[in-house]
Amino acid sequence: MESQTIVEALLLGLLEGLTEFIPVSSTGHILLAGHFLGFHSTGKAFEILIQLGAILAILSVYFRRLWKMLLELPHDRLTRHFVIGILIAFLPAAVIGALAHDFIKTFLFESPRLICIMLIIGGVVLLAVDRMNLKPVYRDVERFPTRLYLQIGLFQCLSLIPGTSRSGSTIVGALLLGVEKRAAAEFSFFLAMPTMVGAFAFDLFKNRNVLTSADLPIIAIGFIAAFVTALFVVRFLLDYVSRNGYALFGWWRLVVGGLGLAALMIWG
């Protein structure tokens, strides 16, 4: 295992953890960075499998709440409503993602120009929505109407295009549907759990015959880096967006997308 590859895996893992839960597209960032670093993973599995680190980070932060929900699930109607709502929101992207998996991995993942364009479009949308005088109607993620869970889940389908952002599409959708800013980010966290676990398991299954033991150390390095960084982000993000909104992330997307397009024109 070359030292350069180790450094690249570490950098990409840190990037995954930093960007997974903010609306800037972690997959888009990793694919762009991998393109310019010349980093190649078997079946593009590294970019998906290191998400397990970010998944474990959010599970550790929300462990007590999740454990409480698990204990209350058999007899508490509100808890059952919330869990069913998360599953309803998860299903649209899960079905479309499974059906379009090969197209997404072999075509969309291989188009850095598309990723840059989606980063820019998403940045413009995020800035526009953040400046709208939206009146929040829903503040408690556990009490959303069932139709709202489904509508947010449909917005999440947009994130199947790399560069769009899973958290970005769900947060923008939630804001437009009347969800308060902090609650929109919090529901995005909860929806990430089944979505990312599903993506991880499905991609691991699809690549079971091409991954080798030589791939494991690189994936492990990226996984650990993603876990540590995501742990920090999850702990501070809700308070940040409650005070400042999402404008910073809109500008972030515009800068990265613009620089990416410029770099592609210069270096290819």
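This is a short chat about reading a predicted model.

Colleague: What should I know before I start?

Modeller: It's a predicted model, so local features need pLDDT of at least 70 and side-chain atom pairs count only at pLDDT 80 or more, while totals for chains, interfaces and linings use all residues. Residues are numbered from 1 along each chain as its sequence is written, and side-chain values use heavy atoms, leaving out hydrogens and water.

Colleague: Which residues does the UniProt annotation "transmembrane region" cover?

Modeller: The unreviewed entry gives 48-67, 79-100, 112-129, 187-205, 217-238 and 250-267. UniProt positions are in the numbering used here, feature names are shortened, and annotations may be inferred rather than shown by experiment. Residues 187-205 are 100% helix and 0% strand, with end C-alpha atoms 28 Å apart. For 217-238, also 100% helix and 0% strand, the ends lie 33 Å apart. Helices here are DSSP runs (H or I, at least four residues; strands are E, at least two), numbered from the N terminus.

Colleague: How many residues does the largest nonpolar core have?

Modeller: A nonpolar core is a set of buried Ala, Val, Leu, Ile, Met, Phe, Trp, Tyr and Cys residues joined through side-chain atoms within 4.5 Å. Buried means under 20% relative accessible area, exposed over 50%, and partly exposed in between, with a 1.4 Å probe and protein chains only. The largest core here has 44 residues, and F21, F144, F187 and Y246 have the most contacts inside it. Its largest share, 10 residues, comes from α11.

Colleague: How do I read an aromatic pair?

Modeller: You describe it by the distance of the centres and the angle of the planes. Rings of Phe, Tyr and Trp (its six-membered ring) pair if their centres lie within 6.5 Å; planes under 30 degrees apart are stacked, over 60 edge-to-face, and the rest tilted. The structure holds 15 such pairs. F103 and F107 are stacked, at 5.2 Å and 25°, and F103 is partly exposed at 47% relative accessibility. F144 and Y149 are tilted, at 5.6 Å and 40°. F144 counts as buried because its relative accessibility is 1%, and Y149 is buried at 0%.

Colleague: Where is S25, the one with a positive phi?

Modeller: Most residues other than glycine have a negative phi. S25 has a phi of about 75° and sits in the loop between α1 (3-19) and α2 (26-37). S25 counts as buried, at 3% relative accessibility. S165 also has a positive phi, near 95°, and its place is in the loop between α9 and α10.
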